[in-house]
Amino acid sequence: MARPTKSIHGEWTSRWAFILAATGSAVGLGNIWKFPYITGENGGGAFVLVYLACIAVIGIPVMMAEVLIGRRGRQNPINSLKSLAEEEGRPKAWRWLGAMGVLAGFLILSYYSVIAGQALAYIPRLFFGVFEGVTPDGAASIHSALVNDPERLLAWHTIFMLITMFVVTRGVQHGLEKSVRFMMPTLFIILVMLVGYAANTGEAFDRALHFLFDPDFSKLSANAILTAMGHAFFTLSLGMGAIMVYGSYLPKKTSIFKVSVTISLMDTGVALLAGLAIFPLVFANGMEAGAGPSLIFETLPIAFGHMAGGAFFGGIFFLLLVFAAWSSGISLVEPIVAWMTENHGLSRRNATMLSGGIIWLLGLLTVFSFNIGQEWTLFGMTAFGLLDYLTANIMLPLGGLLIALFAGWMMNKTSSAEELALGNGVLYHIWLILIRFISPLAILLVFANLIGLLNI
Ligand code: TRP
């Protein structure tokens with residue numbers, strides 16, 4: 001199978017269109033909801049440091065590898081991997097790596113949508129001033145009233161799936177570009193505003209800084225290291241082909257290195273800002289840093305409930321959070337839809353309806369895991385916990401490992417050098433060493449440590 005020179009799904013109109021779309025994919029619930037809560041659960045500083053190291057050493061090189069494979073293959077991840085493998089004289093079985101990514105997309109979006117649904121449910125609650133003057137206990141009970149009610153959660157999950165499918169049917173290049181261009185900077189500004197508010201908590205702000213940036217390595221378990229690494233993949237949308245698909249729409253002349261670094265920096269910046277906004281509130285109100293997935297839903301409304309104009313800014317904040325989650329959700333379905341349309345002849349519309357329907361159904365597991373299905377556990381995890389662990393901690397790092405091995409060892413150096421076009425070579429060689437040795441070894445070490453082969 002010869003590889004096409006252009007994607008049949010079209011191209012981004014510019015380098016910035018790609019950066020915006022990929023940043024739209026990267027910045028989402030992972031930064032604002034997940035990063036703070038897993039940092040809280042895993043003891044803070046040391047966890048943050050491992051996460052930042054993973055972004056630099058694994059995240060950026062693997063992102064470059066994904067974009068490179070996508071742009072060179074110009075098709076959905078399964079076909080791109082298959083035709084590049086053929087071209088390089090490697091086994092076609094590499095397409096199964098793409099298939100695992102497609103599967104991961106189904107699983108991740110199924111729970112992602114339920115959390116995004118909670119953010120949606122918060123928009124009217126904030127605008128209507130439900131949280132005005134709220135106490136920590138009050139905020140917690142408003143949130144539990146939402147998640148304890150399967151019907152409400154289901155309704156919001158359904159709405160989120162519908163809006164996501166709506167954009168996907170129209171093709172991601174249209175609509176997405178414009179919305180991200182306007183939304184991302186606004187989200188950023190409100191986050192900075194929240195950090196400003198949090199900075200006024202005085203002593204609590206110092207405690208938060210200390211918590212986030214003063215590493216205490218005794219708090220770092222093998223599982224915490226795995227979670228930090230898994231989150232580096234999750235937050236950058238790596239390991240399942242989302243960035244690969246977006247790369248397949250990238251014009252030939254764009255620098256893969258520059259776009260990857262830009263996206264990673266913006267993503268990391270948003271996560272750190274979210275941490276700086278949330279932890280001072282946690283400490284100032286005597287709340288639990290390890291409260292888990294409910295953390296942002298119980299802390300941020302307290303800030304919005306007490307600041308001037310809080311109902312308005314809070315409503316806007318959750319609205320923008322939903323937009324951020326929306327542009328991430330879209331990138332989770334896009335590999336699936338690209339695959340169904342290219343390989344199975346479905347129309348974009350039918351492919352979206354079919355995959356969206358399956359994801360919606362799978363989402364019921366997460367909906368129920370917060371209420372009537374709290375007791376349904378496996379390995380001590382609820383359905384939501386299990387889906388999250390399996391995808392973020394296992395499938396994405398494994399996908400990332402295989403992507404690194406493919407780009408580093410299966411592809412000829414002349415092919416990767418040509419595609420990255422890094423000029424005279426120092427940067428290229430740094431990337432090559434990272435992608436061939438450092439990233440794969442780091443991933444393998446974390447896995448080995450987890451199953452007890454090492455003892456860190
Ligand atoms: N990165 C997104 C976030 O942080 C989630 C996401 C979108 C994602 N596409 C992905 C995660 C692909 C893994 C793989 O919220």
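Visitor: Is Thr164 buried or exposed?

Guide: Good place to start! This is a predicted model, and burial is read from relative accessibility, where under 20% means buried. Thr164 counts as buried because its relative accessibility is 0%.

Visitor: Where is Thr164 found, and what is it in contact with?

Guide: Thr164 is found in helix H7, which covers residues 150-170. Setting aside neighbours within four places in sequence, Thr164 is in contact with Trp326, Gly329, Ile330 and Val333.

Visitor: Let me try Phe211. Why does Phe211 count as buried?

Guide: Apply the cut-off again: buried means under 20%. Phe211 has 13% relative accessibility, so Phe211 counts as buried. You can look for Phe211 in helix H9, residues 203-213. Beyond neighbours within four places in sequence, its contacts include Thr39, Gly40, Phe279, Phe283 and Ala289.

Visitor: How do I read two helices that pack together, and at what angle do H13 and H14 cross?

Guide: Here is the general idea. Two packed helices are described by the angle between their axes and the distance between those axes. Now the case here: the axes of H13 (residues 295-306) and H14 (residues 310-344) come within 9 Å and cross at roughly 145 degrees. From H13, Ile296, Phe297, Leu300 and Phe304 take part, meeting H14 residues that include Phe313, Phe317, Phe318 and Leu321. The residues of this contact comprise nine nonpolar, two polar and no charged.

Visitor: Which residues are closest to the ligand?

Guide: The ligand has 17 residues around it, and the closest are Ala26, Gly30, Tyr112, Phe234 and Ser237. For polar contacts, look for pairs of N or O atoms within 3.5 Å. A polar backbone atom of Gly30 is 2.8 Å from an oxygen atom of the ligand, and a backbone N or O atom of Leu29 lies 3.1 Å from a ligand oxygen atom. In Ser237, a side-chain N or O atom is 3.0 Å from a nitrogen atom of the ligand. The protein covers 100% of the 360 Å² of accessible area that the ligand has on its own.

Note on methods. Residues are numbered from 1 along each chain as its sequence is written. This is a predicted model: local features need pLDDT of at least 70, side-chain atom pairs count only at pLDDT 80 or more; totals for chains, interfaces and linings use all residues. Side-chain values use heavy atoms; hydrogens and water are left out. Axes are lines fitted to C-alpha atoms, for helices over the stretch in contact, and angles run from 0 to 180 degrees between N-to-C directions. Helices (H or I, at least four residues) and strands (E, at least two) are DSSP runs, numbered from the N terminus. Contact means heavy atoms within 4.5 Å. Ala, Val, Leu, Ile, Met, Phe, Trp, Tyr, Cys and Pro count as nonpolar, Asp, Glu, Lys and Arg as charged, and the others, Gly among them, as polar. A residue is near a molecule or strand if one of its heavy atoms lies within 4 Å of it. A polar contact is a pair of N or O atoms within 3.5 Å; within protein, one must be able to donate a hydrogen and the other to accept it, and residues adjacent in sequence count only if both atoms are side-chain atoms. Accessible areas come from the Shrake-Rupley method with a 1.4 Å probe; for residues, only the protein chains shown count as cover. Buried means under 20% relative accessible area, exposed over 50%, partly exposed in between (1.4 Å probe, protein chains only).
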